[in-house]
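Please read them with the sequence and the coordinates open beside you.

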Amino acid sequence: MSQRHANEPQSGSRERLLIVCPGRGTYNAAEWGTLNRLAGGSEWLARFDARRREAGMPTLTALDGEMPFRQSLHGRGEHAAPLIYACAWADLLAIDRERYEVVAVTGNSMGWYIALAAAGALGPDEALHLIGSMGLRMQETLAGGQVIYPWVDENWRPDWSLRRELLALLERIHGREGWSSISPSTWAVCWSSVATRRGWRG
């Protein structure tokens, strides 16, 4: 993290860490209260709260403590995304830099943007703005949906003909509004502005 890089010890005896940043769907009822437990009273959380207050939104401190968890509230993009990011940031700051050396960061989906903060490419407040803005846009437009579909046979071996059928089906249903996204092993990950609303219906 940018504000800590200069003070990190240079000892070669530290254990090395790869940090995988969390994506959407990782703040639920079981995680409610985590942020206040890890970072309650911290200067950076107060700063995040002030930015939310200025934007007319409930603070992260309130969402994580004063307001009982409700999926209809906490699951909204403009709240869930910053909550996930803030919890991840608290975890990152809690890493013992005397014992561990962070050598790489990565993430998936929203975790890509958290990784920008973890790597120091964005400051913590810049990352909050980016992640919060994206969460709000996704909530308002329902953009960003993904469908994950395996293209393997009963023995979990790649079925290339099934993969071709899936991609052809995506093109037939959604045309240019839907595209293949990433290709992790034998899973087809596709995104569409309408895919998650229509579903995979022929």
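This is a predicted model: local features need pLDDT of at least 70, side-chain atom pairs count only at pLDDT 80 or more; totals for chains, interfaces and linings use all residues.

1. A50 counts as partly exposed, because its relative accessibility is 27%, where partly exposed covers the range between buried, under 20% relative accessible area, and exposed, over 50% (1.4 Å probe, protein chains only). A50 lies in helix 3, helices being DSSP runs of H or I with at least four residues and strands runs of E with at least two, both numbered from the N terminus.

2. Residues are numbered from 1 along each chain as its sequence is written, and side-chain values use heavy atoms, with hydrogens and water left out.

3. The structure holds 6 salt bridges, a salt bridge being a side-chain nitrogen of Lys or Arg within 4 Å of a carboxyl oxygen of Asp or Glu. In one of them R51 pairs with D125, with the closest N and O atoms 2.9 Å apart. Since R51 belongs to helix 3 (residues 43–54) and D125 to helix 8 (residues 124–141), this pair ties together parts that are 74 residues apart in sequence. D125 is buried, at a relative accessible area of 13%, whereas R51, at 42%, is partly exposed.

4. Two further salt bridges deserve a look on the display. E78 is paired with R76, the closest N and O atoms being 2.8 Å apart; E78 is buried, with a relative accessible area of 8%, and R76 is partly exposed at 32%. The side chains of D153 and R157 also meet in a salt bridge, at 3.3 Å from N to O, and R157 is partly exposed, with a relative accessible area of 49%.

5. How do helix 6 and helix 7 pack? Helix 6 (residues 77–93) and helix 7 (residues 111–118) pack at an angle of about 40 degrees, with their axes 11 Å apart; the axes are lines fitted to C-alpha atoms over the stretch in contact, and angles run from 0 to 180 degrees between N-to-C directions. The crossing of the two helices is right-handed, a term used when the near helix is turned clockwise from the far one by less than a right angle.

6. At this crossing, I84, Y85, A88, W89 and L92 of helix 6 meet I114, A117 and A118 of helix 7, contact here meaning heavy atoms within 4.5 Å. By class, the contact of helix 6 with helix 7 has 8 nonpolar residues, no polar and no charged ones, where nonpolar stands for Ala, Val, Leu, Ile, Met, Phe, Trp, Tyr, Cys and Pro, charged for Asp, Glu, Lys and Arg, and polar for the others, Gly among them.

7. The buried residues of helix 7 are G111, I114, A115, A117 and A118. They lie on the same side of helix 7, because they cover an arc of only 155 degrees around the axis, the arc being that of the directions from the helix axis to the C-beta atoms. What covers these residues includes strand 1 (15–21), helix 6, strand 2 (100–107) and helix 8. Helix 7 is followed by G120, whose phi is positive, near 85 degrees.

8. L18 lies in strand 1 and counts as exposed, at 56% relative accessibility. Leaving aside residues up to four places away in sequence, L18 touches A104, V105 and T106. The C-alpha atoms of L18 and A104 are separated by 5.0 Å, although the two residues are 86 residues apart along the chain.

9. S109, which is not a glycine, has a positive phi of about 60 degrees; S109 is placed in the loop between strand 2 and helix 7 and is buried, with a relative accessible area of 17%. W156 has a positive phi near 65 degrees; W156 lies in the loop between strand 3 (146–150) and helix 9 (160–174) and is exposed, at a relative accessible area of 60%.
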